[in-house]
Amino acid sequence: MKTKIGLLYGGKSAEHDVSMQTAMAVIKALDLEKFEIHPIYISKSGEWIKGQQLLGPVENVKELAFSNTEALPQAALAPTLFQASEKSGPFDVIFPLLHGPNGEDGTVQGLLELMNLPYVGNGVLSSSAGMDKVIMKNVFAQAGLPQVKYTWLIRSEWENAKDDAYIKVENELGYPCFVKPANLGSSVGISKCTNRSELERAFKEAFQFDRKIIIEEGVTAREIEAGVLGNDYPECSVAGEIVPKKEFYDYKAKYEDGNTALIIPAEITETQYNELKDMAIKAFKALDCSGLVRADFFLTREGKWYINEINTMPGFTPFSMFPLLWKHTGVEYPQLIEKLVNLATERHAEKQNIKHTME
């Protein structure tokens, strides 16, 4: 009996195209002897469209962008949206490959919880906390994980007192600093600032993508990442290093031109790796994560670690670090997909044993 997977991808966020690339890569990796693949596409306008079962690999991402003439649009809560067919019943597992708001932030996870469906990846709390960089960093601070200095602002605070906002950043962090939308990934909307005029432009850029932004102290450090896989007993992959050929690892370097060197395994000592592993697993547990995360760190010249962030749904594109880290750890891409599906069903089975009413 094949496992019926509902592959959920696309979405309204600025990371729609990243999600499409991820979906195509996952489809190519799934063993069609073991899995049925049923695509569920969310258009850029937010329309949910269920496609026909995929009987072979997809070579062009455009094949996954269904239109109304190719498949019937369905309301998000329509029961048939999450069924392989009326006879076969619900999908065995939903695999959300959505990045950014309305996908990676706990909203879709909440829908799947209401539908009582197994799904790959993190739950509602860890997804929403991991998406909001401010909340995430506050949780990490509570857990005692070392971080660079940071501050944040909402749009109305900035609009009502712009000079005060810039002075706040200069007094608390200084230059250089990085300005980021609080609730976006894939390095969208991020700017490095070395003076006031760059800071002003960076605020305008970041506030296009979110009502809240985070500003972080700039440090001279290596960018080291690790993958974490599991539920209650997570495991850590080997470490990898990102060496951007540009000034920093932005969206274009990540997904478009591949203008970045990925060094796997990273050239760090065994002691440094053990420190990173302990921090990655501690961060995973602090946010009550499940399934997978990619944990990102800074390593200074003095050998000090800072956790930067975790990504609760890292990409699976050809340039993505997460699957490459596990490949070098000994888990090939198809095995990785199967592990994630198994972790999803394991977690769902455990939830079914939880009592929701008093006897």
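Pockets and cavities were located on a 1 Å grid over the protein atoms alone: a cavity is a set of points where a 1.4 Å probe fits but cannot get out, and a pocket is an open set with protein on both sides within 12 Å along at least five of seven lines. Residues with an atom within 4 Å of a point count as lining. Grid points are joined across faces, edges and corners, and a volume is the space filled by probe spheres set on the points. The model is predicted, with local features requiring pLDDT of at least 70 and side-chain atom pairs pLDDT 80 or more, while totals for chains, interfaces and linings use all residues. Residues are numbered from 1 along each chain as its sequence is written, and side-chain values use heavy atoms, without hydrogens and water.

The protein contains 11 helices and 15 strands, assigned as DSSP runs numbered from the N terminus (helices: H or I, at least four residues; strands: E, at least two). The radius of gyration, 21 Å, is close to the 21 Å given by the globule rule for 359 residues, so the protein is as compact as a globular protein of that length. This radius is taken over C-alpha atoms, and the rule is 2.2 Å times the number of residues to the power 0.38. Along the principal axes, the C-alpha atoms fill a box of roughly 65 × 55 × 50 Å. Of the 359 residues, 54% are buried, meaning under 20% relative accessible area (1.4 Å probe, protein chains only).

The second largest pocket holds about 370 Å³ of space. Its lining comprises 19 residues, with Asp232, Asp288, Cys289, Ser290 and Arg347 nearest the centre. Helix 3 (124-131), helix 9 (270-286) and helix 11 (333-352) each contribute at least two lining residues; helix 11 gives the most, with 4. The lining divides into 7 nonpolar, 4 polar and 8 charged residues, where Ala, Val, Leu, Ile, Met, Phe, Trp, Tyr, Cys and Pro are nonpolar, Asp, Glu, Lys and Arg charged, and the others, Gly among them, polar.

Cavities of 30 Å³ or more number 4. About 80 Å³ of space lies in the second largest cavity. Of the 11 residues lining this cavity, Gly130, Met131, Lys133, Ile310 and Asn311 lie nearest its centre. At least two lining residues come from each of helix 3, helix 4 (133-143) and strand 15 (305-311), and strand 15 has the largest share, 3 residues. By class, the lining of the second largest cavity has 4 nonpolar, 4 polar and 3 charged residues.

Definitions and conventions
Buried < 20%, exposed > 50% of the residue type's maximum accessible area, 1.4 Å probe, protein only.
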